[in-house]
Amino acid sequence: MFDDWRLRYLLECLPQIAWTARANGALDCCNKRALDYTGMSTEQLQGWGWKAVVHPKDLPSCLQRGYKAMRNGESYAMEYRLRAGDGNYRWHLMQVQPIRNAEGRIAQWFGTCTDIDAYQSCIQPAPDSESGPHKS
């Protein structure tokens, strides 16, 4: 397991949004990039507050995938839209890994969210469709 200062340092060194969550999925730590991107405070994002920045149409599948990973103890990746502080949504690739304790049980989750909006705009229909960036 990471020492708190080592984990915090690692989160801040990553070039994308990075976070950790408790074994039950509740967010407990995120880097400054997450705060800068969302325009929210750590306190607003902690616990289940992060759900407020996931696109409403993507939230059910995001939660379902997370719950499945918690049940099976598996890592996962998925694409979904994340709301920026300006109200626009951008596509992100979320990658999540379990962190296990000495007994092999999941103690935490470590995740990153990489902005893939430019890639998505190349493969998705025009922005006037539901899949492009837009305001809520």
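Biologist: Which residue forms a salt bridge with Asp36?

Modeller: Side chains of opposite charge can pair when their charged atoms come close. In this predicted model, Asp36 pairs with Lys32, and their closest N and O atoms are 2.9 Å apart. The two residues are four apart in helix 2 (residues 32-38), so about one helical turn separates them. Lys32 counts as partly exposed, at 48% relative accessibility.

Biologist: How many salt bridges does a search of the whole structure find?

Modeller: The search finds six salt bridges. One of them joins Arg90 to Asp115, with 2.7 Å between the closest N and O atoms. Because Arg90 belongs to strand 4 (residues 89-100) and Asp115 to strand 5 (residues 106-115), this pair ties together parts that are 25 residues apart in sequence. Arg90 is partly exposed at 31% relative accessibility, and Asp115 is partly exposed at 36%.

Biologist: Is Asp117 buried or exposed?

Modeller: Asp117 is buried, with a relative accessible area of 6%. Asp117 also forms a salt bridge with Arg90, the closest N and O atoms being 3.6 Å apart. This pair links distant parts of the chain, with Asp117 in helix 5 (residues 117-123) and Arg90 in strand 4, 27 residues apart. Through shared partners, salt bridges join Arg90, Asp115 and Asp117 into one network.

Biologist: Where does pLDDT stay under 50?

Modeller: Where pLDDT is low, the predicted coordinates should not be read in detail. Here, that score stays under 50 over residues 128-136. For the chain, the average pLDDT is 87, and 85% of the residues score at least 70.

Definitions and conventions: Residues are numbered from 1 along each chain as its sequence is written. This is a predicted model: local features need pLDDT of at least 70, side-chain atom pairs count only at pLDDT 80 or more; totals for chains, interfaces and linings use all residues. Side-chain values use heavy atoms; hydrogens and water are left out. pLDDT is the predictor's confidence in each residue, from 0 to 100. Contact means heavy atoms within 4.5 Å. A salt bridge is a side-chain nitrogen of Lys or Arg within 4 Å of a carboxyl oxygen of Asp or Glu. Buried means under 20% relative accessible area, exposed over 50%, partly exposed in between (1.4 Å probe, protein chains only).
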